[in-house]
Amino acid sequence: ALVMSPAANADPETDRRQIAALDTAYQAAVERNDADGMAAILHDEMILILGAGAVITRDDLLKSARDKAIAYERQVEDEGTQEVRLYGPDTAIVTARLWLSGIRKNGQSFDRRLWFSDTYVRTPQGWKYAFGQASMDLPTPAPG
């Protein structure tokens, strides 16, 4: 019997839509501190590299959500900034500008924007978020 890979019948536009929706769902899960929702999207070996160089693991992200280390007011992609690029049948990179605001457990509030790149890979369980990189905070635009 011939076994088809998950990518064998993949349509690039369908993949782009699925990945765009997954990345938006991931941001919403982070905003809600929904560790289970995040875990369903994250690859088991996922890491995030922050602009200052910190390496955050999947386990770190899930622990932060479970501990509610941040009470998010927003964690959303700025409308119209999301792009999904496919690289072969099993890899995609999402870029977007992200708006984050909230309050940390220590009472420190924040309101910032940054650019990110999220890499998704196709697995037997579907698309999974495997690697992320986030820029330093963007400068606040001058008023007027």
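Residues are numbered from 1 along each chain as its sequence is written, and the structure is a predicted model in which local features need pLDDT of at least 70, side-chain atom pairs count only at pLDDT 80 or more, and totals for chains, interfaces and linings use all residues. Side-chain values rest on heavy atoms, with hydrogens and water left out.

Helices (H or I, at least four residues) and strands (E, at least two) are DSSP runs, numbered from the N terminus. Two strands are said to pair if DSSP finds at least two bridges between them. Strand β1 covers residues 42-49 and runs parallel to β7, with 4 bridges joining the two. Along this pairing, leucine 42 faces tyrosine 129 of β7, and leucine 48 sits opposite glycine 132 of β7. Strand β1 also pairs with β2 (residues 55-57), this time in the antiparallel sense and over 3 bridges. Here isoleucine 49 has valine 55 in β2 as its bridge partner. The hairpin of β1 and β2 has 5 residues between the strands, and within this hairpin glycine 53 takes a positive phi near 105°.

Strand β7 has a further partner in β6: the two run antiparallel and are joined by 8 bridges. A hairpin of 2 residues connects β6 to β7. One of the bridges sets phenylalanine 116 against alanine 134 in β7.

Charged side chains come next. A salt bridge is counted when a side-chain nitrogen of Lys or Arg lies within 4 Å of a carboxyl oxygen of Asp or Glu, and by this rule there are 8 salt bridges. One of them joins glutamate 13 to arginine 16, with an N to O distance of 2.7 Å. Both residues belong to helix α1 and stand 3 residues apart, about one turn of the helix. To describe how much of a residue is open to the outside, relative accessible area is used: buried means under 20%, exposed over 50%, and partly exposed in between (1.4 Å probe, protein chains only). Glutamate 13 is partly exposed at 42%, and arginine 16 is partly exposed at 28%.

Aspartate 15, also in helix α1, has a relative accessible area of 6% and is therefore buried. Its side chain forms a salt bridge with arginine 122, where the closest N and O atoms are 2.6 Å apart. Because arginine 122 lies in strand β6 and aspartate 15 in helix α1, this pair ties together parts that are 107 residues apart in sequence. Arginine 122 has 16% relative accessibility, so arginine 122 counts as buried too. Arginine 122 has a second salt bridge, to aspartate 90, with the closest N and O atoms 3.0 Å apart. This pair links distant parts of the chain, since aspartate 90 is in the loop between β4 (83-86) and β5 and arginine 122 is in strand β6, 32 residues apart. Aspartate 90 is partly exposed at 32%. Together, Asp15, Asp90 and Arg122 form a network of salt bridges. Contact means heavy atoms within 4.5 Å; leaving aside neighbours within four places in sequence, aspartate 15 is in contact with Ala10, Leu86, Pro89, Arg122 and Trp127.

Strand β6 also holds leucine 114, which is buried with a relative accessible area of 7%. The C-alpha atoms of leucine 114 and aspartate 137 are separated by 5.0 Å, although the two residues are 23 residues apart along the chain. Beyond four places in sequence, the contacts of leucine 114 include Ala96, Leu100, Ala134 and Met136.

Finally, there is the open space in the model. Rolling a probe the size of a water molecule over the atoms shows where empty space is left. On a 1 Å grid over the protein atoms alone, a pocket is an open set of points where a 1.4 Å probe fits, with protein on both sides within 12 Å along at least five of seven lines, and lining residues have an atom within 4 Å of a point. Grid points are joined across faces, edges and corners, and a volume is the space filled by probe spheres set on the points. The largest pocket holds about 680 Å³ of space. Its lining has 31 residues, and Leu48, Leu50, Tyr72, Leu100 and Arg112 lie nearest the centre. β6 gives the largest share of this lining, 5 residues. The lining divides into 20 nonpolar, 6 polar and 5 charged residues, where Ala, Val, Leu, Ile, Met, Phe, Trp, Tyr, Cys and Pro count as nonpolar, Asp, Glu, Lys and Arg as charged, and the others, Gly among them, as polar.
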